Number of protein chains: 2
Amino acid sequence: MHILIDVTGLDKGISTAIEATLQALKTKDFTCSLYGPEKEILEILGPNYNKDRINIVNCTETILNTDEAALAIRRKKDSAIVKGLKAMKAGEGDGFISGSSTGAILAGATLITGRLEGLDRAALTVILPGLEGPMVMLDVGANMDASPELLFQFAKMGSVYAKTELSVENPKLAILNVGTEEGKGNALTKELYKLLKDSNLNFIGSVEARDVLSTKADVLVSDGFSGNVCLKSIEGTAQTIVSLVNNAIMTNLKTKLAGLALKKDLKEQLKKLDYNAYGACPMLGVKQAVFKAHGSSNVTAFKNGILSMIKFIDSDTIGDIKKSLLEDINE
Amino acid sequence: MHILIDVTGLDKGISTAIEATLQALKTKDFTCSLYGPEKEILEILGPNYNKDRINIVNCTETILNTDEAALAIRRKKDSAIVKGLKAMKAGEGDGFISGSSTGAILAGATLITGRLEGLDRAALTVILPGLEGPMVMLDVGANMDASPELLFQFAKMGSVYAKTELSVENPKLAILNVGTEEGKGNALTKELYKLLKDSNLNFIGSVEARDVLSTKADVLVSDGFSGNVCLKSIEGTAQTIVSLVNNAIMTNLKTKLAGLALKKDLKEQLKKLDYNAYGACPMLGVKQAVFKAHGSSNVTAFKNGILSMIKFIDSDTIGDIKKSLLEDINE
């Protein structure tokens, strides 16, 4: 297996992506190409540059978060995203992972890699940690105005992905909604509810936003707008509360000592909601494995992202998604 | 001023609503009618039953959260909501407050009180506490499929309400969205952005869900579906994190002592996000003052809700909303 890695997109710099790759190479049998500034990559690799397993592809351009995504994909031909995805399309790699701009990766996955047959749009996916274990959440920002039929396809894809990634035999699927009773929600969720109820998916109904972190669902489906609102509200609130707790701890010597005494157990508790265990997620609905890592990933997170992608490729999740979508069409 | 109070809807029981009323009566000059089971009310009031200021209206029915709202309003004619709103419509009161089912209060406000002229729907409002101060958020659950024109009206109403309730001269208005640049969002928010940009409201652009708790906006407008998803995600996450912190504190004797040392400052910090300061919010867009209190309100919260409503009536906020909506029509 040959993995294509964009080392340029992480907030913590390219050394984080490179260190993560080296760690991943120690645990799994694969080769890789690193996309980024060759000179810097060589310097960071130093004596760890194993030419049998690591190839370097020099990239002189960078796609920024502020760039208009589709335009950047067309114009910045020497960026890691464009070069990496084109190489994968040409058969030079089995998967591509990047911590760069979500919009650009999605645009690249759609424009260069291409969508699966019978699917109108691709979905942005995340693995959301929760009190009852992790959950696949999609769409979290690709499709702002979605149809029930599209979300039904996303539900199928999410269920297939959850099966491999979360190792659950028959993933429990739910709709993100404003109430749990059938008939609650907007026109989109009401129609989707009907489609899912009549499907062969393991549909368990609707989950209110209030219960997302404590639900037993393995897959949560939504349109990209409300999925994004939910995910970002959760992230923002978690950050805010944790910073308030830190403020309290930093008040004076007494509270600082108390913070010290609490530190280990607090960390242990908050680990339940830690993103870093799930380093990266696929764009679901495209023809090849395209993984987006958090820009804020540390070494462990990015390494886990690479390992997730290897599992995704090894288990032929895309093949299973194709089958699942075809069932949909033939039904 | 005569206030109509449903004492039946709070999780903590009718004594909470009654105690809150007695406290409010001490600080403000008004009379009131208490709607609920007369015998129990009399028992709880005991020697505090000042007949000059307190009237009791016996109600034998209760609308439950599980009741279909519109149906319950039509059928449960001896409930506090139906009796109270009908009395207000007949001119027997200046405002109605209840901690009962949101759906039933909204249905009652629409079916009994009636909507303002020129307005298609009423909006559910909350005051969301934030790091930069409180903010009026609407719609948080009344209208699942809203048009840009309706949300434009809500933006006007929210701005008028924020002016009185939050005492800001020219409230800063924002859209709940998935990105801050113009052109981000779904069809609804894009169209709304255009309407607001060209309006005479103090429109400051879009706010991402991640930043809702730290925004400087005074009014946040959204459709009822995504507003509800955002609000409930925030509430659920805050509760989850606080419970994890509590778990950490309860681990062993050492952490319990640390928790004790932190308690005061932790409480002080978390107060920034405390709902109880803003006890109740109006259904905006109906002809009279109809306030919904949190079902979980304590005495202070419900008292603050009554005082908010008195301010709302005193300042003739509904009169100002009418004017603001007419400007809209005449523009």
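**Interface, cavities and backbone geometry of the predicted model**

On the side of chain B that touches chain A, the elements that give two or more residues are β7 (173–177), α7 (187–197), α8 (224–249) and α9 (253–270) of chain B. Of these, α8(B) provides the largest share of that side, with 21 residues. When the residues on the side of chain B that touches chain A are sorted by class, 24 are nonpolar, 16 are polar and eight are charged.

The contact as a whole takes 48 residues from chain B and 48 residues from chain A. The size of an interface is often expressed as the accessible area that is lost when the parts come together. For chain B and chain A, the buried area is about 4,400 Å², and carbon and sulfur atoms give 72% of this area. Within the area that chain B buries against chain A, Arg210(B), Phe225(B) and Leu244(B) supply 16%, which is more than any other three residues. Four salt bridges are found across the interface of chain B and chain A. Arg210(B), one of the three residues named above for their share of the buried area, also takes part in a salt bridge, in which its side chain meets that of Glu235(A) at 2.5 Å, N to O.

Empty space inside the model was examined next. Rolling a probe the size of a water molecule over the atoms shows where such space is left. A search of the whole structure finds seven cavities of 30 Å³ or more, and the largest cavity has a volume of about 50 Å³. The lining of this largest cavity is formed by Asp6(B), Thr8(B), Glu61(B), Thr62(B), Ile63(B), Ser79(B), Ala80(B), Ile81(B) and Ser100(B). By class, three of the lining residues are nonpolar, four are polar and two are charged.

The backbone was also considered. Most peptide bonds are trans, and most residues other than glycine have a negative phi. In chain A, the peptide bond from Leu138(A) to Asp139(A) is cis, with omega near -5 degrees, and Asp139(A) lies in the loop between β6 (135–138) and α6 (148–165) of that chain. In chain B, a cis peptide bond joins Leu138(B) and Asp139(B), with omega about 0 degrees, and Asp139(B) is placed in the loop between β6 (135–138) and α6 (148–165) of chain B. Ser167(A), although not a glycine, has a positive phi of about 50 degrees, and this residue is found in the loop between α6 and β7 (173–177) of chain A.

Key
Residues numbered from 1 in each chain as written. Chains lettered and ligands numbered in written order. Predicted model: local features only at pLDDT ≥ 70, side-chain atom pairs only at ≥ 80, totals over all residues. Heavy atoms only, no water. 1 Å grid on protein atoms, 1.4 Å probe; cavity = no way out; pocket = protein on both sides within 12 Å on 5 of 7 lines; lining within 4 Å. Points joined across faces, edges and corners; volume = space filled by probe spheres on them. Nonpolar A, V, L, I, M, F, W, Y, C, P; charged D, E, K, R; others polar. Contact = heavy atoms within 4.5 Å. Buried area = accessible area lost by both parts, 1.4 Å probe. Helix = DSSP H or I, 4+ residues; strand = E, 2+ residues; numbered from the N terminus.
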